[in-house]
Amino acid sequence: MTRPGQRPTTPGRLLALLHRRGTITRAEATAHLGTARSAMGEAVAELAGLGLVRVGAEATSPQRDSAGRGRTSPTLDLAEDGPVSVAVHFHPSGADLAVIGLGGFTASLEQIPVAWRHEDLESSLQQVAQRIRAAVTRSGRICVGVGVGVAGVVSGDGRTVLSALYLGWTEVPLAEILETFLPDGLRVSIHNDAALTALAEFRRGAGRGASTLLVLSCEHTGIGGALVSGHGSTEGLRHTLEAGHLVLDLYGPPCPCGQRGCLELYCDGRALVKATGHDHPDAPSGSRAIILRARDGEPDAHRAVRDVANRLGTGLASLVNVLGPDRVVLAGILGDYLALAADDLQAHLHASIVARLHQTTLTSAALDRPVLLGAAEHLFEPLLADPVQEMRNAAFPGG
Ligand SMILES: [Zn+2]
């Protein structure tokens, strides 16, 4: 569980508005945040002085004066050379690495193939750390930190991967290992990848405006989940859920987690490949190929998708009953299931009394690479709460 930052300052609220909404006039920002014009003027000057915001040309604002005339007001924009974050997603075939600025703009993106063999884990991590280091240097910008998403259980302090079944990791002090290969002062934080997906969809994607958002996510292997709150002071508070290990069948096949008949055994990408009668379920390309064939209307592929979607629907209705979200977002191939078997999944959702009472809506995820975007969202939270203090304290390397 991650706690949101402290109550944001006026410069923080303005920077967060630009981060989420993009270019805006000063008059629109003043109206949106409900601040005094003098306070807005000070906030703009502070953010411009810190190199975070660029004040552009005067534009006619939609805000009208008492005579109905549009006022001119300078446009405000995020500085192009402002701070960046480094987001990394560890998955069974390697790591994706992105340098992401405010506004969610990706400055660079690379894929690092890694065979995660236990005996040379440290040298693999050293290799990833070197790529992180090179990416920060290349950006030439201040770096607020490194955020890593992993499919697994992460310690509350964000330092250790307690268990990542599909990477074969147990008790790996990942943050500490990476930091030994990184410049002093560049901090690493680790998160469950589904929690990062949920945060990104909540802030920038299909979860925007939800009161309680449930996200289920699957790339190919295993299913992750997270719940994000949209209420007042707990806005952005998230809980990781081991949703893939919800038991559907007590007498089902054994799961690596130690139980039997877990949800993910019936509806992740491997289950989809198996549902078409193929024997090699582990390659992620297998599930993607079936989704494409189902989209093309191939009956066998479509039947397999409906099969796994109905299993997913059974688990989903139970999760909604327990957690009470008003919106559910399905990410990765689960979003493809929804696109291809919407009636089945909506019927399962409707079977939940809680979904009917909360008028819970079900939708596919909207973002590309949500784990990386979520890691960046998390890393920018302190800066968006109090940019003046954060930049003053900045011991960030790279700038
Ligand atoms: Zn399990």
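**Fold, cysteines and positive phi values in a predicted model**

Me: What share of the 399 residues in the chain is buried?
Reply: The model is predicted. A residue is taken as buried when its relative accessible area is under 20%. In the chain of 399 residues, the buried share is 52%.

Me: What radius of gyration does the chain have, and what would a compact globule have?
Reply: The chain has 399 residues, and for that number a compact globule would be near 21 Å. Along the principal axes, the C-alpha atoms fill a box of roughly 70 × 55 × 35 Å. The value for the chain agrees with the globule figure, at 23 Å.

Me: How many helices and strands does the chain have, and what percentage of its contacts with a separation of 6 or more joins residues 24 or more positions apart?
Reply: The secondary structure consists of 15 helices and 16 strands. Among contacts with a separation of 6 or more, the part from residues 24 or more positions apart is 64%.

Me: How much of the accessible surface belongs to carbon and sulfur atoms?
Reply: The accessible surface of the chain is about 17,700 Å². The part that carbon and sulfur atoms contribute to this surface is 49%.

Me: How far apart are the mean positions of the positive and negative charges?
Reply: The chain carries 35 positive and 41 negative charges.

Me: Is Cys262 buried or exposed?
Reply: The limit for a buried residue is under 20% relative accessible area. Cys262 has a value of 0%, so this residue is buried.

Me: Where is Glu171, and what is its phi?
Reply: Most residues other than glycine have a negative phi. Glu171 lies in strand S10, residues 169-172, and counts as exposed at 56% relative accessibility. Its phi is positive, near 50 degrees.

Me: What is the phi of Arg369, and which elements flank its loop?
Reply: Arg369 is a residue other than glycine with a positive phi, near 50 degrees. At 30% relative accessibility, Arg369 counts as partly exposed. The loop that holds Arg369 runs between strand S16 (361-364) and helix H14 (370-385).

How values were computed:
Residues are numbered from 1 along each chain as its sequence is written. This is a predicted model: local features need pLDDT of at least 70, side-chain atom pairs count only at pLDDT 80 or more; totals for chains, interfaces and linings use all residues. Side-chain values use heavy atoms; hydrogens and water are left out. Helices (H or I, at least four residues) and strands (E, at least two) are DSSP runs, numbered from the N terminus. The radius of gyration is taken over C-alpha atoms; the globule rule is 2.2 Å times the number of residues to the power 0.38. Buried means under 20% relative accessible area, exposed over 50%, partly exposed in between (1.4 Å probe, protein chains only). Contact means heavy atoms within 4.5 Å. Accessible areas come from the Shrake-Rupley method with a 1.4 Å probe; for residues, only the protein chains shown count as cover. Lys and Arg count as positive and Asp and Glu as negative; His and the chain ends are not counted. The place of a charge is taken as NZ of Lys, CZ of Arg, CG of Asp or CD of Glu.
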